[in-house]
Amino acid sequence: MAEGETESPRPKKCGPYISSVTSQSVNVVIRGVVLFFIGVFLALVLNLLQIQRNVTLFPPDVITSIFSSAWWVPPCCGTASAVIGLLYPCIDRHLGEPHKFKREWSSVMRCVAVFVGINHASAKVDFDNNFQFSLTLAALSVGLWWTFDRSRSGFGLGVGIAFLATVVTQLLVYNGVYQYTSPDFLYVRSWLPCIFFAGGITMGNIGRQLAMYECKVIAEKSHQE
């Protein structure tokens, strides 16, 4: 190459749009937004099923959305989903135990399908004994954890989420925000903690997979540079 000539810079390869984001805080925001909208979608669909089967009853004046749900339910569920989905990989990193069991999107989609099935069963299946039904859903929920998670942190977080969510729901029903038909566990159904547990495991799996995807993309970008 002749003296004085400068080598033109090589064009950099561009991966997925998230690969252009180098700030960790921005990556967290992107994952949080994705988890929020996933939670909103699941809340709309699953809450519609509960309302159609008269499992949950809202006052007529609060039914405003096209899915016949109170306006505050989807954003609340979306926010909770974002917090849970971000918390799971954070706890994994804090404990130094990266979750590697069934880390692919096909497994995550199957986990979502099983969660929807458990929620569908809670609205559609009629048992003569609510206690037996609650035990059945509890077994299905633990089976979901065993099939798609199997981590101690995942189980512990799932139990904690189920407890907190059940307490919040009890307070909402107590204050007349909405109600459950045929409550058998104070003001709610006895199987409700099982649904919250399965939901926590499901959103945790989605959050872990999004975090793993982010790490892979950033690693590929670093390698290209």
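Visitor: Hi! Which residue does UniProt list for "modified residue: Phosphoserine"?
Guide: Hello! The UniProt record lists Ser151 under that heading. Keep in mind as we go that the model here is a predicted one.

Visitor: Where is Ser151 found?
Guide: Look in the loop between helix 4 and helix 5, and you will see Ser151 there.

Visitor: Is Ser151 buried or exposed?
Guide: Ser151 counts as buried, because its relative accessibility is 12% and the cut-off for buried is under 20%.

Visitor: And what about Arg150, where is its place?
Guide: Arg150 sits in the loop between helix 4 and helix 5. With a relative accessibility of 40%, Arg150 counts as partly exposed.

Visitor: What is phi for Arg150?
Guide: It is near 65 degrees, which is a positive value in a residue other than glycine. As background, most residues other than glycine have a negative phi.

Visitor: OK, which residue has a positive phi of about 60 degrees?
Guide: That is Leu186, and it is not a glycine either. You can find Leu186 in the loop between strand 2 (179-180) and helix 6. Leu186 is exposed, its relative accessible area being 66%.

Visitor: Let's switch to charges. How many salt bridges are there in the whole structure?
Guide: A search finds two. In one of them, the side chains of Arg208 and Asp92 meet, at 2.7 Å from N to O. Arg208 belongs to helix 6 (residues 192-224) and Asp92 to helix 2 (residues 73-95), so this pair ties together parts that lie 116 residues apart in sequence.

Visitor: Are Arg208 and Asp92 buried or exposed?
Guide: Arg208 and Asp92 are both buried.

Visitor: Which residue forms the salt bridge with Arg208 at 2.9 Å?
Guide: Asp149 does, with 2.9 Å between the closest N and O atoms. Asp149 lies in the loop between helix 4 (130-148) and helix 5 (152-174), while Arg208 is in helix 6, so the pair ties together parts 59 residues apart in sequence. Asp149 is buried, as is Arg208.

Visitor: How are Asp92, Asp149 and Arg208 linked, then?
Guide: Asp92, Asp149 and Arg208 are linked in a network of salt bridges. In general, side chains of opposite charge can pair when their charged atoms come close.

Visitor: New topic! Which residues does UniProt list for "transmembrane region"?
Guide: The record gives residues 29-51, 71-88, 104-126, 130-148, 154-175 and 190-207.

Visitor: How much of residues 130-148 is helix?
Guide: That span is 100% helix and 0% strand, with its end C-alpha atoms 27 Å apart. Residues 154-175 are 95% helix and 0% strand, and there the end C-alpha atoms lie 31 Å apart.

Visitor: How many residues has helix 3?
Guide: Helix 3 (residues 105-124) has 20 residues, and it reaches 28 Å from its first C-alpha to its last, close to the 28 Å expected. Its buried residues include Val108, Val112, Asn119 and Ala123.

Visitor: At what angle do helix 3 and helix 4 pack?
Guide: The angle is about 175 degrees, and the axes are 11 Å apart. That makes helix 3 roughly antiparallel to helix 4.

Visitor: Which residues in helix 3 and helix 4 meet?
Guide: From helix 3, the residues that meet helix 4 include Arg110, Val114, Phe115 and Ile118. On the helix 4 side, Phe133, Leu137, Leu140 and Phe148 are among them.

Note on methods: Residues numbered from 1 in each chain as written. Predicted model: local features only at pLDDT ≥ 70, side-chain atom pairs only at ≥ 80, totals over all residues. Heavy atoms only, no water. Helix = DSSP H or I, 4+ residues; strand = E, 2+ residues; numbered from the N terminus. Expected span 1.5 Å × (residues − 1). Buried < 20%, exposed > 50% of the residue type's maximum accessible area, 1.4 Å probe, protein only. UniProt positions renumbered as here; feature names shortened; annotations may be inferred. Salt bridge = Lys/Arg side-chain N within 4 Å of Asp/Glu carboxyl O. Axes fitted to C-alpha atoms, helices over the stretch in contact; angles between N-to-C directions. Parallel < 35°, antiparallel > 145°, perpendicular 65-115°, else oblique. Contact = heavy atoms within 4.5 Å.
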